[in-house]
Amino acid sequence: MAATTQEDHKNEQEDIWSILPSYHMFRSTVSLSVFDVGDDTDDEDSYFPPLYSPSLSDSSTVESTRSSNIVDQPLLPAKHNVTNNMLSMKNYTHNEVSSQFAVDIQFIRTIGEIGKPNELVDVSNCSFKPGSTVNGFFTFRNSSDRPVKFDHLYVMLEGTITIGTTRKKFLEMMDMSASWSFGRINRLLYESNHSNDWSNINDSDGIRLAIGPVRIIKPKTTYKLYFTFKLPQRLLDTACSSQCTSHCAMPSSLKTEDYTISYNVSARFISTNSRVLGTSSDPEYVIFKEACKEIHVVSSSNYEEEEEQLEKFEQTARYEIERGQLLRLQAARNVLSIPLEYKGSLRKHKEDSLGGKDEVTKLASFPVRKRFFVSKVSMKICTPRKSYFFKPGTAGQIAIPLTISSSTKPSVKSFKIQIEAVTVKGPTTAIPIEISHKFIIRELDAGRTPIVSIFSKLRQEIEQLEKSVEDFQADRNLWKTLKLLLSAAVDVKTLDVESHLSSSSLEKVNSEFRQSLVLSGNLGAKFCSSPPTFQTCNVCRFYILVVNVNQNTKLRLPLVVQ
């Protein structure tokens with residue numbers, strides 16, 4: 001186990017104590033190492049938490065009636081506790097040693113209540129939205145003639161992103177009433193408020209609804225425990241270390257060739273290796289038996305992104321380069337001090353060389369024959385600067401208005417609509433900045449691979465300055481962000497869209513010809529199973545609508561797939 005400093009323990013303890021609702025949850029989750037702490041008694045009294053009563057003094061403080069140093073011991077770093085290591089634990093679910101122990105998960109329409117019938121729901125045919133509840137129960141039966149002892153039982157709803165062989169959890173919820181804890185936690189207001197009441201509670205079908213204070217599953221016995229989860233509207237801010245707004249949105253369930261975003265409800269019985277195999281002492285925790293069922297989550301269609309973040313970071317990097325160049329100039333002139341002032345000389349990318357905020361404009365040319373020679377005449381192609389939206393399952397018809405201006409009658413031989421699908425993946429490191437359609441379009445218009453090309457060049461320039469200028473050292477936070485950005489893989493795929501010219505009109509205004517066109521396309525066939533537009537810390541997906549005019553002129557517009 002890796003060594004940790006006292007400061008690490010202190011910081012993690014402060015963070016966790018600020019959110020833990022009870023001693024039960026502390027003992028059942030974050031205080032547990034991936035190795036058994038040696039609590040192997042079957043005495044029911046040893047499982048109860050400390051009892052609290054008013055102090056005999058005049059103060060309003062309370063003190064424990066049972067001495068315990070568990071609360072005072074430092075917390076384990078998160079990477080070493082049980083819940084964060086379940087994906088890497090040995091799993092005996094499909095092993096012979098657990099063959100007589102069965103676990104199953106069922107979903108129901110409303111919150112489960114004792115003694116009332118349940119309406120089952122097939123989750124393979126329905127979707128859940130952020131803010132909705134996921135209700136159900138799981139059953140487990142020990143068919144053997146021997147009692148089965150376990151150490152922990154966790155009932156959880158988890159969200160994971162899988163890129164290649166790398167899996168990362170972005171959501172982890174635990175139902176403490178369905179999971180095993182030191183006291184019976186009431187689910188509903190009318191249930192008994194005696195947290196240590198372990199009487200035999202049976203459902204309408206006669207199945208036991210409580211395990212009891214001793215972590216033993218009785219032989220030839222079936223149990224049922226209800227669970228309820230409420231999907232959050234957004235992830236916690238701590239889900240993104242860079243606190244990017246879009247990274248904390250609940251992503252939709254996805255399955256592609258490159259990555260998967262999934263939500264699962266699971267019930268896991270945790271035991272030790274020695275207990276499962278019946279061998280000598282082996283304190284490592286393992287999964288004795290688990291059941292896991294996937295649910296489909298559809299996030300909100302209101303996609304939002306913050307613009308200018310990458311542009312501002314690029315400006316910061318260019319300022320660092322200018323600072324290094326000035327320091328090099330100082331050294332070359334042997335001048336002791338030259339004020340380093342930012343004079344706004346950084347290259348600033350305009351929205352478009354010709355268009356303004358309201359339109360996208362490109363220049364193109366077409367040949368015109370004049371008696372004995374052919375000349376080229378320029379024309380200006382404009383379209384409103386706007387984002388287009390598409391929701392899979394709809395017809396997907398889009399209409400893109402174009403205006404072509406020229407000194408002579410414009411000659412347009414071909415029109416075509418394409419889609420550029422841009423995927424940014426960071427399997428092992430987090431993408432530290434929000435990415436915008438605007439930045440991607442700027443890079444694609446310049447013929448560069450988004451993110452990779454521009455920031456690779458800036459990194460090389462900074463590295464050269466650090467090597468050649470003795471007094472220059474770039475900001476460490478800038479270096480860290482550059483490293484994270486360049487560790488991401490960027491992939492751009494181009495898809496052709498069935499398109500046609502739906503209307504056209506020509507007029508002459510003063511000495512200029514102006515042709516108005518509407519180019520129509522059908523996105524339905526291309527995006528019936530495509531991922532929506534989204535951003536997370538590890539994977540992002542963007543779409544760019546491309547209008548091709550005469551094959552070599554491209555106008556790019558944001559496309560949001562909902």
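A: Two strands pair if DSSP finds at least two bridges between them. Strands (E, at least two residues) and helices (H or I, at least four) are DSSP runs, numbered from the N terminus. The model here is predicted: local features need pLDDT of at least 70, side-chain atom pairs count only at pLDDT 80 or more, and totals for chains, interfaces and linings use all residues. Residues are numbered from 1 along each chain as its sequence is written, and side-chain values use heavy atoms, with hydrogens and water left out.

Q: Which residue is the bridge partner of F107 in strand 4?

A: Strands of a sheet pair through backbone hydrogen bonds, either parallel or antiparallel. In this model, V121 of strand 4 is the bridge partner of F107. Strand 3 (residues 101–108) and strand 4 are paired in the antiparallel sense, over two bridges.

Q: In what order do the four strands of the open sheet lie?

A: The order is 4-3-5-10, with antiparallel pairing. Strand 4 (120–121) and strand 10 (221–230) are the edge strands, each pairing on one side only.

Q: How many aromatic pairs does a search of the whole structure find?

A: Rings of Phe, Tyr and Trp (its six-membered ring) pair if their centres lie within 6.5 Å; planes under 30 degrees apart count as stacked, over 60 as edge-to-face and the rest as tilted. The search finds 14 such pairs. In one of them, F107 and F227 have ring centres 6.0 Å apart and planes at 85°, so this pair is edge-to-face. It joins distant parts of the chain, since F107 lies in strand 3 and F227 in strand 10, 120 residues apart. The rings of F227 and F229 are tilted, with centres 5.8 Å apart and planes at 40°.

Q: Is F107 buried or exposed?

A: Buried means under 20% relative accessible area, exposed over 50%, and partly exposed in between (1.4 Å probe, protein chains only). F107 has 3% and is therefore buried. F227 is buried at 0%, and F229 is buried at 2%.

Q: At what angle do helix 4 and helix 5 pack?

A: Two packed helices are described by the angle between their axes and the distance between the axes. Axes are lines fitted to C-alpha atoms, for helices over the stretch in contact, and angles run from 0 to 180 degrees between N-to-C directions. Helix 4 (residues 309–333) and helix 5 (residues 437–445) pack at about 60°, with axes 8 Å apart.
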